Amino acid sequence: MNAVEIEEAISALAEQPFDSAIFPFAFLEAFGNKATTIKRLKSGSTNSSDIPGGVLQRNNIHIAVCAPGAVTQTLVSLKDSTATVKAKAKFILATDGEQLEAEDLASGETAVCPYPDFPNHFGFFLPLAGITTVKQIRNNPIDIQATGRLNRLYVELLKTNIDWAAEGRRHDMNQFMARLIFCFFAEDTEIFDEENLFTATLEQMTNSRSDNTKDVIGELFRAMDTKPEDRTTAELPRWTEKFPWVNGGLFAGSKDIPRFSRIARSYLLHAGSLDWQQINPDIFGSMIQAVADDDERGELGMHYTSVPNILKVLNPLFLDNLQEQLEQAGDNQRKLLNLRKRIANIHVFDPACGSGNFLVIAYIQMREIEAEILRQRGEVNDEGQSNQRSWIKLENFYGIELKDFAVEVARLSLLIAEFQCDVRFIGQKEAKALVLPLRNTGQIRQGNALRLSWLEVCPPTRVEVKDHADDHFQTPLDQAQIDFENKGGETYICGNPPYAGKGKKTPQQQDDMEFIFGPRGVKHGYVDYVGCWFIKAADYGIHSMSSFAFVTTNSLCQGHQVPLIWPLIFGGGYQIFFAHTSFKWANLASHNAGVTVAIIGMARDPKNMRRLFTVSDDGTILANDASHINAYLVAGQDILIQKRSSHLAGLSSMGLGNMPYDGGNLLLTRQEIGELNLTDMQHQRFIRRIYGSNEFIKNLERYCLWIENNDLPEATKLSGIRKRIEAVRVMRLKSTDKGGRAMANRSHQMREMRCSQEQTIVMPRTSSESRSYLPAGLLNAESVVSSEVFAMFDAPLSHLAIVTSRLHLIWVATVCGQLETRYRYSNVLGWNTFPVPKLTEQNKVDLTRCAEDILLAREAHFPETIADLYDPETMPENLRHAHERNDEVLERIYIGRRFKNDTERLEKLFDLYTKMTANEKVQKGTTKKIKRKVN
């Protein structure tokens with residue numbers, strides 16, 4: 001269940017007559033618990049409550065229904081309950097059907113309310129459904145409530161008006177919903193002269209059969225599109241007279257209204273009954289966006305981007321600098337005034353704006369700074385309000401968005417944000433006087449951001465632009481000169497563009513990639529879709545005084561993508577002036593860990609010290625100054641890690657295992673071995689166990705024929721083996737590759753026949769990104785490895801300690817990149833480039849002991865597999881301790897202590913790599929000079 005569905009279920013529960021026997025189970029069911037779970041709780045088989053009337057769900061909540069007036073006392077009993085502690089309950093809840101009290105045992109936060117009002121606190125309980133909540137939703141549920149009601153209305157209208165679901169009518173439907181949202185907000189915020197004017201008029205003028213609802217709404221919308229001087233001739237019904245002229249193009253154009261069923265009318269009035277003045281434009285916009293999107297409706301309310309995450313982009317991009325200037329200005333009137341003028345000329349541009357979250361937050365934050373300027377200039381009253389209108393115009397906020405309804409919602413969100421800021425900073429009466437008739441709302445353009453000219457959508461701030469349009473809900477913004485004057489100023493480009501990695505792009509996205517990268521001669525198959533926005537922003541900066549910052553997949557700064565995209569950006573004079581290294585960009589989806597992202601801010605010749613934000617091993621966010629940040633988001637010189645044929649520090653070689661190239665005929669299951677009817681001696685001579693990535697990590701059984709040339713005559717005497725060898729020969733002869741056909745001469749063998757004399761260190765080619773360590777290990781000499789793993793044959797055991805370290809995992813994740821979300825290992829890029837200091841004999845002894853301890857810790861949990869042992873939730877403590885000891889020993893070799901975090905690890909590794917490769921160049925140059933002297 002998503003947050004909207006949970007709110008609906010909780011609201012339905014509160015409307016029913018209270019039943020003490022049913023409530024605990026109905027409450028849990030509303031938060032997505034399955035029928036089988038509820039059944040077990042009802043039977044008592046999983047209910048371990050020690051409170052009369054209590055229901056205890058392990059790792060979740062302890063609920064008790066009590067006698068009237070005993071709620072507070074019962075909550076205390078729940079908290080003191082040994083069963084609550086033993087079951088690790090996260091919440092406790094007590095109710096008597098009249099009052100409800102609850103507590104979040106982790107944070108200590110409480111919810112206390114009359115029983116009928118507890119749906120207003122549903123956000124408090126969302127963690128019960130595995131949904132991470134944010135402060136705005138816990139404290140103010142109106143956004144999700146409004147989303148749910150509008151969604152029900154939207155779906156019902158499409159049932160009654162099937163033709164409106166077609167692509168040709170989608171814009172009409174989306175525009176109709178945008179008009180409704182404005183009316184609901186306007187009637188609850190005194191934009192309309194009477195409270196509840198719109199909903200009350202609908203309730204009064206439409207009949208219960210709903211056969212005139214369409215006509216009533218149509219007349220109301222027509223009234224709001226009619227200027228006061230034209231109303232006499234417009235022949236409007238008398239009951240529309242109280243509705244003002246809105247302007248702004250919101251009610252212009254089509255007046256067609258969908259037909260309303262009785263149910264749709266009920267949903268309409270239900271939505272209007274909410275208190276819309278509490279809407280948070282930054283939350284509401286992204287939630288309501290999914291209402292009109294068939295693909296996203298299943299995740300309704302899940303795409304909220306939290307304000308703290310947005311500020312990770314906006315603060316270092318430009319808001320921090322404004323705050324610094326504000327602090328430096330102090331009470332200097334001239335500096336304060338200059339800062340206000342600077343803010344008034346700033347343009348904010350989100351070329352993938354969705355419902356406008358980044359623009360809304362930027363606008364609100366800039367208004368806060370402006371308000372503080374006025375306070376420091378003494379231009380506010382005792383209530384902290386000013387009689388001055390804001391100099392920050394919505395016309396300075398630009399966006400591009402592909403989806404029609406998101407464009408409408410973005411414009412509305414900006415309008416709502418402006419009005420709420422005006423109410424807060426200049427007062428309700430003054431704000432109301434400013435809002436109608438609607439003025440320009442923000443330059444939100446619908447279209448494909450990768451095909452539009454950004455210079456036309458957001459003209460460079462160094463030129464003068466003139467008014468050519470008086471609305472922004474109707475007039476297409478397809479001209480370079482638009483609607484206000486502005487000389488000078490800065491442009492800040494920001495946002496969270498779509499990602500889409502290799503294999504995930506739609507045909508349209510692939511065409512977009514070719515449109516951006518094709519003329520530059522770049523093969524873009526490995527480049528994430530988000531990379532196009534970086535190129536477009538860099539191109540835009542050639543003609544404008546602009547900086548940009550985007551949320552991006554961290555893979556854009558890893559592996560194959562680095563040499564493909566970053567030289568293009570750096571070649572245009574851009575440098576990274578701030579970055580947030582990898583972190584989880586979570587949303588409200590239940591059990592959603594979020595995609596791993598980075599944030600990268602870029603500017604031409606940034607003057608200040610660069611800033612790198614990282615997450616330490618204990619979860620603390622650290623901000624580090626750096627003289628330079630490279631494409632791998634590491635403090636250090638610009639460098640591209642190049643493939644190598646041998647190890648940088650002269651360690652053992654690592655290569656692919658054996659490629660069968662056999663059509664499946666050299667590989668066998670245990671059952672197929674049995675069908676060969678081999679003797680024990682023949683089995684020992686011709687059959688070996690083979691390991692690829694899956695076989696090694698999950699301990700899956702797989703075998704292969706392993707026939708040395710000297711043993712071929714005897715092997716071919718066995719009919720089962722002879723048939724398999726012949727099948728391989730036929731398969732290889734059919735190959736279109738000359739080398740493949742040549743291999744038919746030894747069809748009894750794999751392409752390679754590599755094995756060890758004593759031991760093989762194995763490294764799977766792909767593995768899960770959730771593990772804290774790469775799942776390397778050790779095999780004996782009798783085992784064979786396939787080409788799905790890399791192998792070091794008869795390498796010292798100290799090498800296993802190195803490849804299973806945190807240091808090596810971080811290096812591989814950075815320079816090799818990932819396949820989808822999994823680690824994709826490369827011997828020539830991950831192992832051969834891995835910088836290792838010169839190891840002393842004692843270092844090798846210590847590392848060997850660490851590798852032995854890791855292997856012994858694994859062995860202690862036999863028959864658990866690597867997959868079992870390295871599950872981050874259930875990793876055994878002795879194995880974790882062995883790895884931590886290994887990390888400590890290895891990291892002390894590098895810097896004499898443990899590293900603080902992964903960023904510090906990477907900084908050291910890149911520094912060491914730079915020095916070691918520089919030494920190689922010096923040595924090669926010296927050798928050449930010596931040869932010339934000898935000659």
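Two strands count as paired if DSSP finds at least two bridges between them. Helices (H or I, at least four residues) and strands (E, at least two) are DSSP runs, numbered from the N terminus. The model is predicted: local features need pLDDT of at least 70, side-chain atom pairs count only at pLDDT 80 or more, and totals for chains, interfaces and linings use all residues. Residues are numbered from 1 along each chain as its sequence is written, and side-chain values use heavy atoms, with hydrogens and water left out.

**View 1. Strand E3 pairs with E2 and with E4.** E2 and E3 run in the parallel sense, joined over five bridges. Here Ala64 has Ala94 of E3 as its bridge partner. E3 also pairs with strand E4 (residues 99-104), in the antiparallel sense and over five bridges. On this side, Ala94 stands opposite Glu101 in E4. Three residues lie between the strands in the hairpin of E3 and E4, where Gly97 takes a positive phi near 90°.

**View 2. Strand E3 is covered on both faces.** In a regular strand the side chains alternate between the two faces of the sheet. Phe91, Leu93 and Thr95 lie on one side of E3, Ile92 and Ala94 on the other, and all are buried. Buried means under 20% relative accessible area, exposed over 50%, and partly exposed in between (1.4 Å probe, protein chains only). In total, five of the five residues of E3 are buried.

**View 3. Two loop residues have a positive phi.** Most residues other than glycine have a negative phi. Asn59 is not a glycine, yet its phi is positive, about 60°. Asn59 sits in the loop between strand E1 (54-57) and strand E2 (61-65). Its relative accessibility is 37%, so Asn59 counts as partly exposed. Lys88 also is not a glycine and has a positive phi, about 55°. The loop of Lys88 runs between helix H5 (82-86) and strand E3 (91-95). Lys88 counts as exposed because its relative accessibility is 58%.

View 4. Most peptide bonds are trans. The bond joining Leu436 and Pro437 is cis, with omega about -5°. Pro437 belongs to the loop between helix H19 (428-435) and strand E8 (443-446). From Phe862 to Pro863 the peptide bond is cis too, and omega is near 10°. Pro863 is in the loop between helix H33 (841-859) and helix H34 (866-869).

**View 5. Helix H15 packs on helix H17.** H15 (residues 307-329) and H17 (residues 357-376) pack at an angle of about 30°, their axes 10 Å apart. Axes are lines fitted to C-alpha atoms, for helices over the stretch in contact, and angles run from 0 to 180 degrees between N-to-C directions. H15 and H17 are therefore roughly parallel to each other (an angle under 35 degrees). Residues of H15 in this contact (heavy atoms within 4.5 Å) include Leu311, Phe318 and Leu322, and those of H17 include Phe358, Ile361 and Met366. The contact residues divide into 15 nonpolar, four polar and one charged. Ala, Val, Leu, Ile, Met, Phe, Trp, Tyr, Cys and Pro count as nonpolar, Asp, Glu, Lys and Arg as charged, and the others, Gly among them, as polar.

**View 6. Four strands form an open sheet.** The order is E16-E18-E17-E22, and the pairing is mixed. Strand E16 (667-668) and strand E22 (784-785) stand at the edges with a single partner strand each, so one side of each has no neighbour in the sheet. Strand E17 (residues 687-691) pairs with strand E18 (residues 703-705) in the antiparallel sense, over three bridges. Ile687 stands opposite Leu705 in E18.

Terms used. Parallel < 35°, antiparallel > 145°, perpendicular 65-115°, else oblique.
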